[in-house]
Amino acid sequence: MRGRYFGDSDRLRGDSGAILPQFIQGELCDPGYEWIEGLVLPAHAERVAEEAGELLSAKPCPSKVTTLILDSSQLALQIHESVGHPIELDRILGTEASYAGTSFVGLEMIGHLKYGSDIVNIVADATCPGGLGTFGYDDEGVKAQRVPILSQGKLVNLLTSRETAPLLGRESNGTMRADGWNRIPLIRMTNINLEPGEWTLEQMIADTKDGLFLTTNRSWSIDDKRINFQFGTEMGWEIKNGKLGDKVKNPTYTGITPQFWNSCDAIADRSHWQMWGTPNCGKGEPGQVAHVGHGTSPARFRNVQVGVMK
């Protein structure tokens, strides 16, 4: 299944808002053109052409509440927008309100907010090999760290700096970065990773009576507080009685951040886990661009509203 339809590394997007794979099937990529060769792009040409043609006549995404399985490339963007940005402490304190927005997260929620279900464990890991958000020290001289953000679904930490961490009674966890010598450092995501679960993608599909499997991001929208979102993907498949069915075009889904993450009931295992990179995360005035990473496996979410373009 992975080789034909579900190998996330077989899709390389280079447009605005791109999410680029940093690992290929769990292995650290080579640093040069060998990485491009490792994608084996010509081998996927026939499949991609077939899928593009089939989408022309595919039926539209249905509008309903259903079970949703997201591939790892789409889930990487979901993590970026609905977890990574809301946990930036400067945003929570209001210093990004005029440009990048604020956050629904409050300081009083640390240690209390059930951000996701019990199986959702997310870390900020600036030490992860091959990640775009990996470095030795941040721009305040704080050593790169791996810190838990969501532990069994509970919010336990935020992204902090030397200036903001004392408000939590803690030391900086090293997330201050600037994109050049003439810009001030800002709190930026490192590699915000969803820890793998115990399922295979095949098992998740087989265990789903009715739902959709969505892959490859096409569009995204989320409000200033990072709580109400809508995403679209390039294509999807219906799932009927544990098997993939017809393709659907223009699939979209929407949700409320903590409700969505609390509906997660299955995460694929380490064999499906991949590191993806976002090379153009914007923040600050004047604007700055940061490279950040997101490692994840595919995951399943229950009771999600899909087909919201109508």
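How many of the residues of helix α4 are buried? The answer is 13 of the 13, so α4 is largely enclosed by the rest of the structure. This is a predicted model, in which local features need pLDDT of at least 70, side-chain atom pairs count only at pLDDT 80 or more, and totals for chains, interfaces and linings use all residues. Residues are numbered from 1 along each chain as its sequence is written, and side-chain values use heavy atoms, without hydrogens and water.

**View A. Helix α4 spans residues 72–84.** Helices are DSSP runs of H or I, at least four residues, and strands are runs of E, at least two, numbered from the N terminus. Buried means under 20% relative accessible area with a 1.4 Å probe, protein chains only.

**View B. Trp-261 and Phe-301 form an edge-to-face aromatic pair.** Their ring centres lie 5.6 Å apart, with 80 degrees between the planes. Rings of Phe, Tyr and Trp (its six-membered ring) pair if their centres lie within 6.5 Å; planes over 60 degrees apart count as edge-to-face, under 30 as stacked and the rest as tilted. Trp-261 lies in helix α7 and Phe-301 in strand β19, so the pair ties together parts 40 residues apart in sequence. Trp-261 is buried at 0% relative accessibility. Phe-301 is buried too, with a relative accessible area of 0%.

**View C. Val-123 sits in strand β6, residues 122–125.** Val-123 is buried, at 8% relative accessible area. Its C-alpha atom is 7.9 Å from that of Asn-191, 68 residues apart along the chain.

Methods. Buried means under 20% relative accessible area, exposed over 50%, partly exposed in between (1.4 Å probe, protein chains only). The expected span of a helix is 1.5 Å times one less than its number of residues.
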